[in-house]
Amino acid sequence: MVSGTETRQSQGATRGPARDRGVGTSAPRPDGTLKVTGEFAYSSDLYLADMIWGVTLRSPHPSAWIRSVDIGPALAMPGVLAVLTHEDVPGEKFYGLEHRDQPVLAIDQVRYQGEPVALVAADHPERARRAAAAIVVEYEVREAVVDPRRAAFDPSCPAVHEHGNVLRHQPVRVGSHFEAPVVVTGEYEVGMQDQAFLGPESGLAVPAEDGGVDLFVATQWLHVDRDQIAPCLGLEPERVRLSLAGVGGAFGAREDLSMQVHACMLALRTGRPVKIVYGREESFFGHVHRHPARMRYEHGATADGRLVYVQAEILLDGGAYCSSSLAVVGNAASLGVGPYEVDNVRIDAYGVYTNNPPCGAMRGFGAVQACYAYESQMDALAEACGISPVEVRVRNAVSQGSTLATGQVIDSPAPLADMLRELAAMPLPEPGGAGLLDMPGGVSQTTRGEGVRRGVGYGVGIKNICFSEGFDDYSTARVRVELLGGEPHALVHTAAAEVGQGLVTLQEQIARTELGIDRVTVAQADTTVGSAGSSSASRQSYVTGGAVKAACEAVRKRLDDLRAGGVTLEEALERAGAVEETREYRHRPTFPLDPVTGQGDSHTQLALCVHRAVVDVDTELGLVKVVELAAVQDVGKIMNLQALEGQIHGGSAQGLGLALMEEIQVTGGRVLNPSFTDYLIPTILDMPPIRVSILENPDPNAPYGLRGAGEPPTLSSTPAVAAAVRAATGLPLRRVPIRPHDIALNG
């Protein structure tokens with residue numbers, strides 16, 4: 001038992017002789033102490049002596065025509081150096097992560113509340129804000145499309161974009177038998193969750209002597225940012241240089257552009273460095289959120305609970321622009337029945353445009369929404385068949401060799417049934433105490449135990465790792481070994497974004513293990529080295545880890561050749577100078593889902609996590625206290641135990657938040673709670689003890705046998721908590737987050 005976590009290796013797994021700070025150890029984070037003491041420099045801390053400040057004017061309306069924009073009052077204000085509109089965009093006026101449908105600045109219309117309309121640069125941030133407020137925009141407000149079902153299926157609904165409101169419809173079709181002795185149906189809803197990172201969008205753009213620009217920014221994907229920014233600036237990509245600034249959390253929201261193009265435009269116009277930092281309210285409007293979902297499910301089974309068929313309609317609200325909705329729909333469709341064997345499947349997953357806030361990537365990426373629905377269905381099926389929630393999952397669990405609904409065969413370990421049995425065998429927490437922190441409502445002293453009931457619930461999730469559906473998913477690493485101060489030193493350089501997950505530490509660990517060199521430095525991530533892809537999809541350990549490993553192996557081979565005849569490493573480096581190699585690493589190919597049948601090997605790796613939640617519920621006031629979470633997760637290979645525990649705890653916290661408290665409230669396309677006063681995230685008082693068991697069943701196709709681990713806990717924790725609340729209250733509770741009045745008014 002290590003820090004409350006059990007770690008076990010499966011038969012055949014090997015740990016090997018790891019160095020003190022190599023692969024498999026809890027090597028310390030080089031940025032850890034600085035972050036704890038407050039000395040770490042985040043992107044919002046960037047400063048240059050002659051910099052000026054940028055501010056964005058945003059639309060107050062979710063849908064309107066722009067009839068005129070008068071920038072004169074802003075230009076007349078002292079300290080204002082530039083005011084820009086869409087007419088000042090020097091290159092292409094549109095950008096986008098997957099589909100270039102989003103204007104740099106609104107042209108003739110706005111499609112969501114908060115859409116950027118104009119930019120201001122001034123010598124002081126407050127002057128810039130006052131100047132932005134002085135710009136006069138004449139809007140003609142029009143009907144906002146806010147109901148995703150109407151947007152998708154009502155021919156009379158206005159089109160948010162000229163090409164229609166349906167971004168993607170992905171069917172999955174398997175089998176033809178859709179009758180069974182036991183049938184359970186349900187309609188489920190998932191609210192709009194925010195990534196709620198603590199570091200707001202920020203960056204510093206510096207004009208360069210070659211007419212280009214250097215941008216220091218908090219992001220998840222340097223190269224895709226550059227490839228969107230450069231065309232909008234009318235510049236060649238090599239003249240737009242990005243460096244990663246300190247990132248204060250990401251969780252998917254930094255995959256899309258926010259202030260990047262705007263800061264660069266202002267810097268190039270004024271010839272001065274321009275800093276933009278969003279306030280908390282603006283941050284809620286300045287990044288994408290998790291897609292809210294409406295889902296209809298029908299499960300048919302035999303009397304003993306074995307699945308015969310699953311039918312589902314999954315409707316995802318993508319908001320005003322595409323972002324990553326196409327891939328989110330693909331994930332929801334391909335993983336829509338969960339990690340269960342079923343021969344007959346009919347799924348229809350849709351992503352639609354509305355005038356609600358744009359939605360895109362967030363931890364779990366389409367699989368979270370589907371997981372809540374199919375796990376709620378499995379609980380309903382267990383009740384209908386008179387068997388336990390664990391047993392119904394065990395009877396239908398996938399394993400190595402199982403075929404998913406898309407026809408893809410699971411070709412690596414997937415011991416789901418064993419994971420469930422282990423979870424169920426874990427001891428339950430003792431009955432709650434009488435202290436304030438032991439009761440629902442906590443220190444608010446809402447109860448002395450009257451009306452409090454305990455519930456236990458289970459959740460299972462399956463998540464794809466790395467990019468899918470034929471995307472050319474790779475990472476590049478450059479490794480250089482030389483003598484510094486008479487000692488061998490390794491420099492690792494990738495463009496992979498450290499967003500808090502511990503990637504810098506992992507790259508150091510791999511270099512130490514592969515090279516046998518203790519002194520390792522990881523260079524700042526930037527665009528002077530080949531792309532590493534996005535820090536998302538739980539992929540960086542797999543892909544960038546693979547690239548660093550491959551580059552180190554190439555360096556080690558050259559060093560071994562230089563050391564032939566018994567020469568020491570120091571002597572070899574003294575003779576040869578630096579030894580440097582660059583390598584790209586790609587995982588095995590994936591393929592797009594068939595647009596009609598949904599068949600295809602769309603994923604490269606799949607990961608499983610199972611959760612048990614224990615809750616106490618004040619049924620009179622609707623207050624919930626999560627007493628304990630327990631999780632079992634298979635990670636293939638533990639690369640850094642402490643970092644891994646942090647990922648499981650953090651993912652569980654975000655899943656708990658979605659289950660009980662986190663939701664952006666949107667009415668008529670307008671956000672009602674853009675602040676941490678009203679958008680609630682779990683605090684230390686909300687988080688229970690977490691019991692974790694980590695399994696190591698190596699994936700033979702992955703570097704070190706590892707399995708991406710950051711996202712799966714987010715999937716399974718939400719339905720586990722919701723199931724526990726249902727067990728305590730006896731209420732159906734088919735929407736998350738579960739709010740107090742959902743319990744108190746219906747109990």
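The legends below accompany close-up views of a predicted model.

**View 1. The aromatic pair of Phe178 and Tyr309.** The structure holds 12 aromatic pairs, and one of them, formed by Phe178 and Tyr309, is edge-to-face, with 5.6 Å centre to centre and 65° between the planes. The pair links distant parts of the chain, since Phe178 is in the loop between strand E10 (166–174) and strand E11 (182–190), while Tyr309 belongs to strand E18 (residues 307–319), 131 residues apart. Phe178 and Tyr309 are both buried.

**View 2. The aromatic pair of Tyr340 and Tyr374.** The ring centres of Tyr340 and Tyr374 lie 6.4 Å apart and the ring planes stand at 85°, so this pair too is edge-to-face. Because Tyr340 is in the loop between helix H8 (325–334) and strand E19 (344–353) and Tyr374 is in helix H9 (residues 367–385), the pair ties together parts that are 34 residues apart in sequence. Tyr340 is buried, as is Tyr374.

**View 3. A ring cluster and two charges placed over rings.** Trp221, Phe467 and Phe471 are joined into a cluster by ring pairs. Elsewhere, Arg58 lies over the face of Tyr278, at 5.0 Å from the ring centre, and Arg142 lies over the face of Trp65, at 4.5 Å from the ring centre.

View 4. In soluble globular proteins, nonpolar side chains tend to be buried together. The largest nonpolar core of this model has 95 residues, and Tyr297 and Ile314 are those with the most contacts inside it. Helix H9 supplies the largest share of this core, namely 11 residues.

View 5. Val443 lies in the loop between H11 and E21 and, because its relative accessible area is 53%, over the 50% cut-off, Val443 counts as exposed. Gly449 is found in the loop between helix H11 (416–425) and strand E21 (452–465), and Gly449 is partly exposed, with a relative accessible area of 30%. The C-alpha atom of Gly449 is separated by 70 Å from that of Glu209, a residue 240 positions away along the chain.

**View 6. The salt bridge between Arg269 and Asp88.** A search of the whole structure finds 46 salt bridges, including one in which the side chains of Arg269 and Asp88 meet at 3.1 Å, N to O. This pair links distant parts of the chain, with Arg269 in helix H6 (residues 260–270) and Asp88 in the loop between strand E4 (80–84) and strand E5 (94–95), 181 residues apart. Arg269 is partly exposed, with a relative accessible area of 46%, and Asp88 is partly exposed at 25%.

View 7. Arg558 and Glu581 meet through their side chains in a salt bridge of 3.1 Å, N to O; Arg558 lies in helix H13 (residues 540–562) and Glu581 in strand E25 (residues 579–586), so the pair ties together parts that are 23 residues apart in sequence. Arg558 is partly exposed, with a relative accessible area of 34%, whereas Glu581, at 15% relative accessibility, counts as buried. Glu584 forms a salt bridge with Arg586, the closest N and O atoms being 2.8 Å apart. A network of salt bridges links Glu189, Glu663, Arg735, Arg739 and Asp742.

Notes
Residues are numbered from 1 along each chain as its sequence is written. This is a predicted model: local features need pLDDT of at least 70, side-chain atom pairs count only at pLDDT 80 or more; totals for chains, interfaces and linings use all residues. Side-chain values use heavy atoms; hydrogens and water are left out. Helices (H or I, at least four residues) and strands (E, at least two) are DSSP runs, numbered from the N terminus. Buried means under 20% relative accessible area, exposed over 50%, partly exposed in between (1.4 Å probe, protein chains only). Rings of Phe, Tyr and Trp (its six-membered ring) pair if their centres lie within 6.5 Å; planes under 30 degrees apart count as stacked, over 60 as edge-to-face and the rest as tilted. A charge sits over a ring if NZ of Lys or CZ of Arg is within 6 Å of the ring centre and within 35 degrees of the ring normal. A nonpolar core is a set of buried Ala, Val, Leu, Ile, Met, Phe, Trp, Tyr and Cys residues joined through side-chain atoms within 4.5 Å. A salt bridge is a side-chain nitrogen of Lys or Arg within 4 Å of a carboxyl oxygen of Asp or Glu.
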